Amino acid sequence: MAGIKLYVGIWLGLVFATVMEVVVRSLPGSASLFVLIIMLIASAKAIAISLYYQNLRHEGIRLATLPIAAVVGIVFLAVSAALTMTMGM
Amino acid sequence: MASKAEEKSSYLPIILASGVAIFMLGLAIYFPLLILGLVIIVASVFKLFRDGAKEKFSDDKEVPEEKFPLESVPKEKLGIWIFLASEILIFGSLIIAYAYVRINSGSWPIATETHNVLLGMTNTIILLTSSLAMILALASIRSGNVRELKIALSSAFVLGLAFLVIKLGFEWPDLISKGFTINSGLPASTYYTLTGLHAFHVAAGMVAIGYLMFRTYQGGFTNTKHVGVENVGLYWHFVDIVWMFLFPLFYLI
């Protein structure tokens with residue numbers, strides 16, 4: 001029963017974070033700052049789903065290495081793309 | 001006390017691989033990085049040879065502790081996580097391509113004026129709720145409650161269907177009627193490619209959930225035998241995670 005309460009609590013947090021994303025978007029201010037805040041909220045939601053719903057918090061670090069390695073690969077690709085754009089290549 | 005396997009372990013392969021990555025990055029975009037990568041590669045190889053010469057890695061007998069690092073993970077679970085890692089690469093690459101195209105484009109339509117934020121938010125909450133239903137399905141069968149498993153799986157299936165009906169039945173026809181078609185430019189083609197691929201994954205997940213429901217009604221799952229529910233759940237939560245990024249990228253930013 002404690003587990004079910006936790007899952008429902010996480011779901012409430014995720015719904016609240018989704019509403020916050022929409023609210024943040026409607027506020028006046030710097031667009032770059034909003035992009036940063038909204039993407040941070042999205043990342044936090046993704047991490048929460050991985051940890052609690054996909055149960056990665058209870059899996060060993062060795063299994064977690066698989067998705068982490070894929071994410072690191074994507075970050076590497078993003079950095080390469082960003083550097084390419086910055087240097088106009 | 002460190003085991004024999006730990007004594008003989010080395011970070012050098014990771015350092016060497018990082019050196020190769022930096023070298024390749026330098027080759028593509030920035031020459032000094034190429035030099036740095038080359039220095040790391042040479043230093044790592046030199047250290048590997050030196051350790052090898054000292055016979056650090058050799059042993060008269062095979063070290064019994066050495067084994068496949070993920071040996072303790074059940075094969076089905078390992079398989080689904082490798083599949084999910086490949087899915088991260090597919091969606092990640094497409095999202096980065098989208099960001100690259102968008103940043104390099106001179107003009108881009110305002111997200112909130114093109115897309116219906118309310119429908120996007122509704123779909124997000126629907127997917128989050130279906131994820132909750134899937135984790136409750138797993139919790140139910142772990143406690144041996146087949147009736148609750150049936151309810152939770154049916155809920156997840158119906159919510160997935162609701163997501164697709166909103167996406168393909170309302171949003172897409174509305175956008176197409178406004179001239180926002182897949183051929184109308186990069187904003188539209190990137191939108192349809194990413195949300196279309198995601199919708200396909202939702203549909204595939206629904207097929208898997210449908211199969212779980214069929215197996216449940218046949219009495220295929222018990223509190224000790226429910227690997228299928230766990231693995232389909234992992235996939236379903238992944239589809240949810242992807243949408244957590246697509247929603248802000250297309251509807252808010």
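Contact here means heavy atoms within 4.5 Å. By that criterion, in this predicted model, the contact draws 42 residues from chain A and 47 residues from chain B.

The size of an interface is often given as the accessible area lost when the parts come together. Here chain A and chain B bury about 4000 Å² between them, with 82% of that area on carbon and sulfur atoms. Within chain A, the residues that lose the most area to chain B are Tyr53(A), Gln54(A) and Met85(A), which together account for 15% of what that side buries.

Polar links across the interface can be considered next. Four residue pairs are in polar contact between chain A and chain B, counting pairs with both residues at pLDDT 80 or more. The rule finds one salt bridge across this interface: the side chains of Glu59(A) and Lys77(B) meet at 2.6 Å, N to O. On the side of chain A that touches chain B, α1 (2–26), α2 and α3 each supply at least two residues. The largest share of that side, 15 residues, comes from α3(A). By class, the side comprises 31 nonpolar, six polar and five charged residues.

The largest pocket has a volume of about 1200 Å³. It is lined by 37 residues, of which Ser43(A), Val71(A), Ile74(A), Val75(A) and Phe245(B) are the closest to its centre. Two or more lining residues come from each of α2 (31–53) and α3 (61–86) of chain A, and from each of α4 (75–104) and α9 (227–252) of chain B. The largest share of the lining, 12 residues, belongs to α4(B). By class, the lining of this pocket has 32 nonpolar, four polar and one charged residues.

Conventions
Residues are numbered from 1 along each chain as its sequence is written. Chains are lettered from A and ligands numbered from 1 in the order in which they are written. This is a predicted model: local features need pLDDT of at least 70, side-chain atom pairs count only at pLDDT 80 or more; totals for chains, interfaces and linings use all residues. Side-chain values use heavy atoms; hydrogens and water are left out. On a 1 Å grid over the protein atoms alone, a cavity is a set of points where a 1.4 Å probe fits but cannot get out, and a pocket is an open set with protein on both sides within 12 Å along at least five of seven lines; lining residues have an atom within 4 Å of a point. Grid points are joined across faces, edges and corners, and a volume is the space filled by probe spheres set on the points. Helices (H or I, at least four residues) and strands (E, at least two) are DSSP runs, numbered from the N terminus. Ala, Val, Leu, Ile, Met, Phe, Trp, Tyr, Cys and Pro count as nonpolar, Asp, Glu, Lys and Arg as charged, and the others, Gly among them, as polar. Buried area is the accessible area (1.4 Å probe) that two parts lose on being put together, summed over both. A salt bridge is a side-chain nitrogen of Lys or Arg within 4 Å of a carboxyl oxygen of Asp or Glu. A polar contact is a pair of N or O atoms within 3.5 Å; within protein, one must be able to donate a hydrogen and the other to accept it, and residues adjacent in sequence count only if both atoms are side-chain atoms.
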